[in-house]
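Subject: The model, plus notes

Hi,

Here is the structure I said I'd pass along. My notes follow right below it.

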Amino acid sequence: MTADQQPGPARVLTGRDPATGRPLAVTVRGGLIAAIGPGPADESHWLAPGLIDLQVNGFAGHDLNAEDTTPETVAALTRALHRHGVTTFVPTVVTASHRRIARALATIAAARRQDPLVRHSIPYAHLEGPHLSAQDGPRGVHPAEHIRPPSIEEFERWQQAADGLVGMVTLSPHYDEAPAYTAELTRRGVHVAIGHTHADPDQITAVADAGARLCTHLGNGAHAVLPRHPNYLWTQLADDRLTAGFIADGHHLPADTLTAMVRAKGPQRSLLVSDAVALAGMPPGRYLTPVGGSVELGADGRLGQTGTPFLAGAARGLADGVAQAVVSARLGLGEALQLATGNPGRFVGGRGRLEPGAHADLLRFAWSPGSRTLTADTVLVRGQQVSG
């Protein structure tokens, strides 16, 4: 038992169960949920496990992939996410030179060593690339000059730089090396996700056979025009071994597309991610960015390149993604929250559960039917109040 888990005075957090509407009272002691009972009948707020985001590039002005990122940047980003209800997140490092990726991973590892709350909130890091498709469309905004095939030797050097912190890798299955690479990472306990790909169905099936179990922001990082069939979207939707992440910000996937994809994967094989960039959580306006140049952030959370119809990243947090999914994917509040708590929780050691004995990572929030925002009221991380 660590110092921050020592038994102490109990506290009680109340709110309505998003699945049933019943008022709950959750007793917290020693960083864990001690008991769950009935809450006050006039309770107006909602109560859920803290949100779990498997794909965060930045938030509130803090960029995990910038050259000048420091452990303090990671700590500040962690606390900004806490204020918006995200109690567990996976920092995502994108395609770059070996040196730059290693530096970003080392910085995240240093932040975890320095701060117990950061260590708890970050279970591992996610490498989105550099083993992606080089084709326009599937590549997205990943720099073409740094796209390269998977290499166990390079992965081991990244793990050495990161104190073994890499726990997820997104790759395109079209590489000849992809099945063996996937099998080896799976053997080491690393999650492998399919994304940013132009692979054919047989290549996708081969990496699923080798152990891949996730799809990174399915429906995005793809060609603008695809054959009706076969194509890489159908194959990923059809394979029940694959759990798909979706960006439900109201901009990356049209409502009908999100609805059809979630229904195809089913409620247990779908999860929500923000894929947030540094401008997420910032006020609307025009910004100058190192990669995208001039961009405009709208009041609705749309981040686009100035003067073009193109998106420049995701700029809404996961809490708003939950509210948006209720509207866009025709889900109940409890169903949408499951896609941002228990479902991603399976990939971070079983977090996202509201039950005795679970970590007291809790979110009390305000929301009303039809709203596209979800507002955190009180946030606990291992029983410590970090917001509200």
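Let's start with a strand pair: β2 and strand β3 (residues 32–38) run antiparallel and are joined by 6 bridges. Two strands count as paired if DSSP finds at least two bridges between them. Helices (H or I, at least four residues) and strands (E, at least two) are DSSP runs, numbered from the N terminus.

Before I go on, the ground rules: this is a predicted model, where local features need pLDDT of at least 70, side-chain atom pairs count only at pLDDT 80 or more, and totals for chains, interfaces and linings use all residues. Residues are numbered from 1 along each chain as its sequence is written, and side-chain values use heavy atoms, with hydrogens and water left out.

On to β1 (residues 11–16), which pairs with β2 (residues 23–29) in the antiparallel sense over 6 bridges. There, Thr14 is partnered by Ala25 in β2. β1 and β2 also make a hairpin, with 6 residues between them, and Gly21 in the turn has a positive phi of about 85°.

Strand β13 (residues 243–247) is mostly covered, with 5 of its 5 residues buried. Buried here means under 20% relative accessible area, exposed means over 50%, and partly exposed is in between (1.4 Å probe, protein chains only). In a regular strand the side chains alternate between the two faces of the sheet. In β13, Thr243, Gly245 and Ile247 point one way while Ala244 and Phe246 point the other way, and all are buried.

β13 runs parallel to strand β12 (residues 214–215), and 2 bridges join them; Cys215 stands opposite Ala244. The chain gets from β12 to β13 through α7, and this β-α-β crossover is right-handed. Right-handed means that, with the strands pointing away from the viewer, the path from the first strand over the helix to the second runs clockwise. β13 is also joined by 4 bridges to strand β14 (residues 270–273), again running parallel, with Ile247 opposite Val273. The crossover from β13 to β14 goes through helix α8 (residues 255–265) and is right-handed.

**A buried glutamine**

Which residue of α7 would I click on? Gln236 lies in that helix, which spans residues 232–238. Gln236 is buried, with a relative accessible area of 3%. A polar atom of the Gln236 side chain lies 3.0 Å from the backbone oxygen of Tyr232. Leaving aside neighbours within four places in sequence, Gln236 is in contact (heavy atoms within 4.5 Å) with Ile194, Thr197, Ile204, Cys215, Leu218, Leu242 and Lys265.

**Cores**

A nonpolar core here is a set of buried Ala, Val, Leu, Ile, Met, Phe, Trp, Tyr and Cys residues joined through side-chain atoms within 4.5 Å. The largest one has 82 residues, and Leu51, Leu105, Phe246, Val322 and Phe365 touch the most other members. Helix α2 (residues 98–114) supplies the largest share of this core, 7 residues. Apart from that core lies another, of 13 residues, including Leu54, Met168, Leu271 and Phe347. As for Leu105, not counting residues up to four places away in sequence, it touches Val93, Ala125, Leu127, Trp158, Ala162, Leu165 and Val166.

**An open antiparallel sheet**

There is also an open sheet of 4 strands, in the order β15-β16-β17-β18, with antiparallel pairing. Its edge strands, β15 (285–289) and β18 (311–314), each pair on one side only. Inside the sheet, 3 bridges join β16 (residues 293–297) to β17 (residues 302–305), and Leu297 stands opposite Leu303.

**Backbone spots to check**

- Gly129 and Pro130 are joined by a cis peptide bond, with omega about 5°; Pro130 sits in the loop between β9 (125–128) and α4 (152–161).
- His229 to Pro230 is cis too, omega near -10°, and Pro230 is in the loop between β12 and α7.
- His196 is not a glycine but has a positive phi of about 50°; this residue is buried at 6% relative accessible area.
- Asp275, in the loop between β14 and β15, has a positive phi near 55° and is buried at 12%.

Cheers

Technical notes. A polar contact is a pair of N or O atoms within 3.5 Å; within protein, one must be able to donate a hydrogen and the other to accept it, and residues adjacent in sequence count only if both atoms are side-chain atoms.
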